[in-house]
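With the model open in your viewer, follow the stops below in order, making each selection before reading on.

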Amino acid sequence: MNSSKSAGLAGFGVLKNATCPTEKKISVFFSIIFMTVGILSNSLAIVILMKAYQRFRQKSKASFLLLASGLVVTDLFGHLINGAIAVFVYASDKDWIRFNQSNILCSVFGICMVFFGLCPLFLGSVMAVERCIGVTKPIFHSTKMTSRHVKMMLTMVCLFAVLIALLPILRFRAYQIQASRTWCFYKTEHVEDWEDRFYLLLFSCLGFLALAISFLCNAVTGITLLRVKFKSQQRQGRSHHFEMIIQLLAIMCVSCICWSPFLVTMARIGINEGRSKETCETILFALRMATWNQILDPWVYILLRKAVLKNLYKITSGCCGVHVINLHMWELSSIKNSLKVAAISESPVSSKQINQQPLSSVGQ
């Protein structure tokens with residue numbers, strides 16, 4: 001009885017000494033806007049990825065699209081669940097004592113924050129590894145990286161993220177209400193116990209490890225593609241690799257920019273045993289930066305697609321003038337030729353004619 005009562009009131013001591021008051025109307029407004037934009041963006045990206053997956057079901061791009069769909073679906077549910085809880089907390093005047101006597105809502109909120117924070121980072125690194133294998137070991141990729149294996153990888157990543165999120169609950173450590181009284185996470189104030197520091201450092205280290213794996217694999221993939229491009233004149237089957245590596249680089253950059261402040265902040269709190277100079281406003285700003293990752297991720301697939309890039313190329317070439325195009329004739333002609341080859345190679349009607357048609361005629 002005493003243990004359940006202390007677990008139910010965990011974090012309520014923060015409410016008495018809240019040092020981070022937030023404006024209710026502004027906070028509710030931004031929470032609703034972020035949640036709405038995130039849900040709409042991820043829903044649009046899911047539709048685009050599903051249509052692309054139907055076209056490339058039997059091709060090497062299918063595994064990448066399946067992983068990308070898993071990433072966007074995770075972002076969608078992250079906005080939907082975390083956003084709904086945040087709006088409810090704001091609408092209830094952040095009175096946790098009234099609606100969270102048993103600490104269930106705070107525990108659910110904390111689990112969702114950890115899961116939907118780590119899972120997209122893990123999936124981004126898995127996508128980078130998959131593309132690296134697809135470019136450097138195409139035969140192994142075509143025989144081993146089937147849809148069944150990709151679905152197993154997605155399941156394993158999600159289960160691992162769930163395990164990390166449930167670890168404090170399994171160790172009878174309740175998630176804590178943060179000083180702003182708007183969200184729940186690991187203990188970030190007066191951290192003295194080694195286990196509380198361990199959770200903060202584990203979260204930060206896993207996040208940085210996922211970013212490091214993404215950077216390394218994307219670097220290897222990009223270097224390999226550039227070598228193939230300059231050593232061989234044969235471009236068929238390579239354009240979709242460039243499209244995917246551009247998307248992966250964009251995802252990696254967005255994740256690094258959005259998540260680095262939060263990961264660094266949690267690591268500093270864990271290393272300094274809660275005696276760091278990180279204020280509540282700093283932590284809240286880092287959290288909002290991390291939230292933007294789930295909003296920007298789907299736009300990578302919406303904007304950085306071959307059809308969109310082709311239209312942007314046409315608009316740019318029409319606006320820049322003849323002099324700029326002449327200065328960059330080699331680059332622009334190469335991009336234009338790659339786009340034309342990609343369009344022909346993806347067409348089901350002309351896929352049988354590509355091997356019979358010389359590359360010079362395709363570039364005309």
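Select residues 322–364, where pLDDT stays under 50 in this predicted model, and for which there are 42 contacts beyond four places in sequence. Colouring the chain by confidence puts that stretch in context: the mean pLDDT is 77, and 72% of the residues reach 70 or more. Confidence is lowest in helix α15 (residues 359–363), at a mean of 39, while strand β2 (residues 184–185) has the highest, at 94. Go next to residues 1–10, where the pLDDT is also below 50 and where the model has 11 contacts beyond near neighbours in sequence.

Now select helix α6, residues 104–136. From its first C-alpha to its last, this helix of 33 residues reaches 47 Å, close to the 48 Å expected at 1.5 Å a residue. Because 26 of its 33 residues are buried, α6 is largely enclosed by the rest of the structure.

A disulfide joins the two, with an S to S distance of 2.3 Å, and the count for the model comes to 1 disulfide. The torsion about the S-S bond is about -125°, so the disulfide is left-handed. C106 is buried, at 0% relative accessibility, and C184 is likewise buried, with a relative accessible area of 0%.

Finally, select C132 and C217: the sulfur of C132 has its closest cysteine sulfur in C217, at 4.8 Å, which is too far for a bond.

Terms used: Residues numbered from 1 in each chain as written. Predicted model: local features only at pLDDT ≥ 70, side-chain atom pairs only at ≥ 80, totals over all residues. Heavy atoms only, no water. pLDDT = per-residue confidence, 0-100. Helix = DSSP H or I, 4+ residues; strand = E, 2+ residues; numbered from the N terminus. Contact = heavy atoms within 4.5 Å. Expected span 1.5 Å × (residues − 1). Buried < 20%, exposed > 50% of the residue type's maximum accessible area, 1.4 Å probe, protein only. Disulfide = S-S within 2.5 Å.
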